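This report looks at selected local features of one protein model. Please keep the structure open while reading.

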Amino acid sequence: MNLKTYLVSRQKLIDRALDWYLPKANRKPATLHRAMRYSLFAGGKRLRPILCLAAAEACRGKIDNALPLACAIECIHTYSLVHDDLPSMDNDDFRRGRPTCHKVFDEGIAVLAGDALLTIAFEIVSRAKPRPRYDMSTLLREVAVAAGSQRLIAGQVADLEAEGKKVKRRELQFIHENKTAAILQSSVRLGAMSANADARKLAATTQFGQHLGLAFQVIDDVLDVTQTSERLGKSAGKDVAAKKATYPAVMGLQESRVEARRLTSKGHKALSVFSNRDAETLHALANYLLEREY
Ligand code: GRG
């Protein structure tokens, strides 16, 4: 398969669906809808929704059934970026290659745009077609738990509280498993659910998402110290400046790269319940994430 062509075609599909789900920019309150769209269509890589669709394909499901869930996850991811960039959190001026939401609109609107992106995610989930093994309440709970106080937000709290402190590897893993891996893991789980996956395939997808999610953050930490802001589309070197708990800080750059490879290979192994053909795209995406440069 040609992964580049695949990624571009999936990005287009997701962008079209997101455009359809979101209120138009001139819809009242227009400032809010413009801010939501500004951040959502700022050029994100769409990795989470692409993973969701690829997991659905691995479980032989239909893309159309997975699409609302994929879009809901992207809205949650974007909300978390908008809020993370706020002055009271990471205080960042640059995201997805352009000024952050609160820099273009104001802080109040950025908070509300994040709130609205989080909320609309649930509305979009409610448009998904429940499957025999996964009813609507299961789908809604999956998203709520992943974005909630014991996963995404727990990771963010631990991240904020770890700033400037010396953290042990266990705490670092807690931060990354929740701040980053929870949403990535849910992306593939929701894809599997949309395909009515059996318990064995859902468990395999869950394991894959866990390893891939952690690997993704280890690479993100490495890129923060090795890449330029231009290449990343966000401020590079911020983790060191803010004395963040990162893999390179705890185990060094070289060992972090080894760890990312180890986690990725665990991700590949988790997919052994699928035929190579069914899981071809998930395998390719895992390798792509490991090798990515931004
Ligand atoms: C505000 C509750 C709350 C949580 C914020 C997203 C986040 C948690 C923090 C942002 C900083 C960070 C290192 C997050 C980890 C996840 C991550 C690497 C996000 C960037 O993901 P990409 O590279 O971004 O997929 P694009 O812009 O391509 O979608």
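Tyr21 is located in helix 1, which covers residues 3-21. Helices (H or I, at least four residues) and strands (E, at least two) are DSSP runs, numbered from the N terminus. The model is a predicted one: local features need pLDDT of at least 70, side-chain atom pairs count only at pLDDT 80 or more, and totals for chains, interfaces and linings use all residues. Residues are numbered from 1 along each chain as its sequence is written, and side-chain values use heavy atoms, with hydrogens and water left out.

Leaving aside residues up to four places away in sequence, Tyr21 touches Pro68, Cys71, Ile120, Ile124 and Arg127; contact means heavy atoms within 4.5 Å. Between Tyr21 and Ile124 there are 7.1 Å in space, C-alpha to C-alpha, although they are 103 residues apart in sequence.

## Aromatic pairs

A pair of aromatic rings is described by the distance of the centres and the angle of the planes. Rings of Phe, Tyr and Trp (its six-membered ring) pair if their centres lie within 6.5 Å; planes under 30 degrees apart count as stacked, over 60 as edge-to-face and the rest as tilted. How many aromatic pairs does this rule give? The count is two. Are Trp20 and Tyr21 buried or exposed? Trp20 is exposed, at a relative accessible area of 61%, while Tyr21 is buried, at 14%. Here buried means under 20% relative accessible area, exposed over 50%, and partly exposed in between (1.4 Å probe, protein chains only).

Tyr38 and Phe105 also form an edge-to-face pair, 5.7 Å centre to centre with 70° between the planes. Tyr38 belongs to helix 2 (residues 30-40) and Phe105 to the loop between helix 5 (101-104) and helix 6 (107-125), so the pair ties together parts that are 67 residues apart in sequence. Tyr38 is buried, with a relative accessible area of 16%, and Phe105 is buried too, with 14%.

## Charges over rings

The ring of Tyr38 has the charged end of Arg98 over it, 4.4 Å from the ring centre. A charge sits over a ring if NZ of Lys or CZ of Arg is within 6 Å of the ring centre and within 35 degrees of the ring normal. Arg292 likewise has its charged end over the ring of Phe216, 4.0 Å from the centre.

## Backbone details in loops

The peptide bond from Lys28 to Pro29 is cis, and its omega is near -5°. Pro29 is part of the loop between helix 1 and helix 2.

Asn91 is not a glycine, yet its phi is positive, about 50°. This residue lies in the loop between helix 4 (63-84) and strand 1 (94-95), and Asn91 is partly exposed, with a relative accessible area of 44%. Arg96, another residue other than glycine, has a positive phi near 50°. Arg96 is in the loop between strand 1 and strand 2 (98-99) and counts as buried at 15% relative accessibility.
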